[in-house]
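Okay, thanks for making time, everyone. I'd like to walk through one model today, so let me put it up on the screen.

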Amino acid sequence: MDSHAVIEALPVTGDQRAALIEIANRVFEKVIDRIEPENESLTRKLWDPGHYIDNFFQDKKLPMKLDYADYLIDALLVHHVIDLAVQADGQAEQSAN
């Protein structure tokens, strides 16, 4: 997909959505490698890139170039992945009890 493509309206669909999901998955893997969650497999099960992308632009100003969306996802996804890891830890703890 052309990095100069512009996201103009919600919901993001088609090739743009597919490209954004690919970006989110790439960043997710990078974050997982950095944070090394205790319950990695459960964190991965909780990850839903489509849901993340569908909700990502709700508070963002459009239109937005795809390369800027890539930058924002790279900068902001870490917080979401940490939240998933914390949720996974809580679920694992509940299962252990």
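**Helix crossing, salt bridges and rings**

Helices are DSSP runs of H or I with at least four residues, strands are runs of E with at least two, and both are numbered from the N terminus.

Before I go on, the housekeeping. This is a predicted model, so local features need pLDDT of at least 70 and side-chain atom pairs count only at pLDDT 80 or more, while totals for chains, interfaces and linings use all residues. Residues are numbered from 1 along each chain as its sequence is written, and side-chain values use heavy atoms, with hydrogens and water left out.

Back to that crossing. Two packed helices are described by the angle between their axes and the distance between the axes. For α3 (residues 49-56) and α4 (residues 66-96), the axes come within 13 Å and cross at roughly 115°. The axes are lines fitted to C-alpha atoms, for helices over the stretch in contact, and the angles run from 0 to 180 degrees between N-to-C directions.

Who actually makes the contact? On the α3 side you have Tyr52, Ile53 and Phe56, and on the α4 side Leu72, Ile73, Leu76, Leu77 and His80; contact means heavy atoms within 4.5 Å. Sorted by type, the residues of this contact are 7 nonpolar, 1 polar and no charged. For that sorting, Ala, Val, Leu, Ile, Met, Phe, Trp, Tyr, Cys and Pro are nonpolar, Asp, Glu, Lys and Arg are charged, and the others, Gly among them, are polar.

Now zoom out for a second. The chain has 4 helices and 2 strands, and along the sequence they run β-α-α-α-β-α. The C-alpha atoms fill a box of roughly 50 × 20 × 20 Å along the principal axes. Of the 97 residues, 34% count as buried, where buried is under 20% relative accessible area, exposed is over 50%, and partly exposed is in between (1.4 Å probe, protein chains only). And if you take contacts between residues at least 6 apart in sequence, 74% of them join residues at least 24 apart.

Next, the charges. The count is 6 salt bridges, each being a side-chain nitrogen of Lys or Arg within 4 Å of a carboxyl oxygen of Asp or Glu. One of them pairs Arg26 with Asp70, with the closest N and O atoms 2.8 Å apart. That one ties together distant parts of the chain, as Arg26 is in helix α1 (residues 14-35) and Asp70 is in helix α4, 44 residues apart. Arg26 is partly exposed at 42% relative accessibility, and Asp70 is partly exposed too, at 23%.

Then there's Glu40 with Arg44, closest N and O atoms 3.0 Å apart. These two sit 4 residues apart in helix α2 (residues 40-46), so about one helical turn separates them. Glu40 is partly exposed at 33%, and Arg44 is partly exposed at 31%.

Lys60 bridges to Asp59, with 2.8 Å between the closest N and O atoms. Lys60 is partly exposed at 23%, whereas Asp59 is exposed at 62%. And where do salt bridges share partners? They join Glu29, Glu40 and Arg44 into one network.

Now the rings. There are 5 aromatic pairs. Rings of Phe, Tyr and Trp (its six-membered ring) pair if their centres lie within 6.5 Å; planes under 30 degrees apart are stacked, over 60 edge-to-face, and the rest tilted. Trp47 and Tyr52 have ring centres 5.8 Å apart with planes at 45°, so that pair is tilted. Trp47 is buried at 10%, and Tyr52 is buried at 11%. Tyr52 also pairs with Phe56, tilted again, at 5.5 Å centre to centre and 40° between the planes. Phe56 is buried at 5%. Ring pairs link Phe28, Trp47, Tyr52, Phe56 and Phe57 into a cluster.

Last stop: Thr43, over in helix α2. Buried or exposed? Buried, at 0% relative accessibility. Setting aside neighbours within four places in sequence, Thr43 touches Phe28, Ile32, Pro37, Val81, Leu84, Ala85 and Ala88.

That's my tour, thanks.
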